[in-house]
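Morning, everyone. Please bring up the model on your screens. I'll start with a pocket, then turn to a pair of helices.

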Amino acid sequence: MGAARVYAYGATAGLLGDLLLGDPRRGHPVAVFGRAAGAVERVLWKDHRGWGALHTALCAGGAVAVSALAARAVRRSPTASVLLTGAATWTVVGGTSLAREARVIARALEAGDVAAARARLPHLCGRDPHALDADGIARAVVESVAENTSDAVVGALVWGAVAGVPGLAGFRAVNTLDAMVGHRSPRYRRYGWASARLDDLAGWPGARLTAALAALAGGDPRGAVRAWRADAATHPSPNAGAVEASFAGALGVRLGGTLSYAGRVEHRPVLNSTGRTVQVADIDRAVRLSRRVSWLALATCAGAKLLCGRRGRGAPRAVRRVTSRQVKGGAA
């Protein structure tokens with residue numbers, strides 16, 4: 001069994017595992033990695049970009065190396081390779097947890113319990129919930145669903161198609177490091193610079209695929225493309241801007257604007273300014289769109305991997321046929 005089929009079968013199994021089981025409840029590998037990265041930070045931290053870059057290299061490189069050794073250990077067994085790919089996919093994607101948290105907040109808002117929604121919001125994103133009313137919470141949830149569709153699902157599938165299990169683990173490691181140290185606080189402005197920039201690079205292809213698939217799978221493809229082209233570049237994040245703008249256009253809502261992180265107020269440009277204000281019902285619509293995008297991303301990545309695999313196998317056969325004819329012609 002070739003690498004393309006191993007990825008296709010394993011990634012499908014992993015995404016189904018996430019759909020049916022959600023995240024592992026105990027001993028989650030991402031949580032283990034986070035604790036290890038925190039321990040490395042305690043040893044290395046200095047208010048300097050170079051030490052932050054070393055932290056990023058050690059942690060992300062270590063995750064890739066361990067996963068590469070695991071993939072190498074099972075490479076002679078197609079069944080074991082599929083199982084490893086499936087397990088890795090299951091542990092690094094988080095679509096079910098994302099949908100679950102979003103819907104818990106939606107149910108609280110539907111019941112008029114804004115306090116409960118505020119209490120739950122930190123499970124989903126880093127916004128300051130006390131500064132938000134019901135509409136603001138709903139907008140924050142939709143924006144988080146959009147961004148995390150790329151970060152928690154599509155980006156991992158893309159890198160899994162490119163580099164197998166090491167690609168899956170490496171992407172999740174980089175994304176986790178960005179969440180830990182990649183923000184602009186006084187402690188991490190320099191130390192987290194390398195993690196933030198590496199996350200921007202690693203997330204670029206997945207964000208564009210997510211935006212394209214949101215336009216394809218949403219209710220207003222033209223609106224999604226229009227908002228993506230007009231507004232993505234105005235967002236401070238080179239990746240979140242494309243995804244959130246495309247989701248905004250696809251859903252017909254207006255995202256962006258003023259928000260607060262840990263007491264720091266940001267005034268971001270509005271995405272899809274012709275859209276309407278986000279309502280509670282849009283949370284479920286965003287979750288359904290996220291699901292469609294995730295499965296379309298799997299089909300796209302697996303299909304591309306299988307197509308490349310067929311082309312790769314076809315070239316050597318053509319070369320062998322030409323060589324055989326040349327040998328026969330020379331013998332004659």
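The second largest pocket holds about 440 Å³ of space. This is a predicted model, where local features need pLDDT of at least 70, side-chain atom pairs count only at pLDDT 80 or more, and totals for chains, interfaces and linings use all residues. Residues are numbered from 1 along each chain as its sequence is written, and side-chain values use heavy atoms, with hydrogens and water left out.

A word on terms. A pocket is an open set of points on a 1 Å grid over the protein atoms alone, where a 1.4 Å probe fits, with protein on both sides within 12 Å along at least five of seven lines; lining residues have an atom within 4 Å of a point. Volume is the space filled by probe spheres set on the points.

Now the lining. It has 21 residues, and Pro29, Phe33, Ala63, Ser67 and Ala169 lie nearest the pocket's centre. Which helix gives the most? H3, with seven residues. Helices are DSSP runs (H or I, at least four residues), numbered from the N terminus. By class, the lining has 17 nonpolar, three polar and one charged residues.

Next, H3 and H7. Helix H3 is residues 49-73, and helix H7 is residues 134-181. Their axes, lines fitted to C-alpha atoms over the stretch in contact, come within 8 Å and cross at roughly 155°. That makes H3 roughly antiparallel to H7, a term for angles over 145 degrees.

Notes: Axes fitted to C-alpha atoms, helices over the stretch in contact; angles between N-to-C directions. Helix = DSSP H or I, 4+ residues; strand = E, 2+ residues; numbered from the N terminus. Parallel < 35°, antiparallel > 145°, perpendicular 65-115°, else oblique. Nonpolar A, V, L, I, M, F, W, Y, C, P; charged D, E, K, R; others polar.
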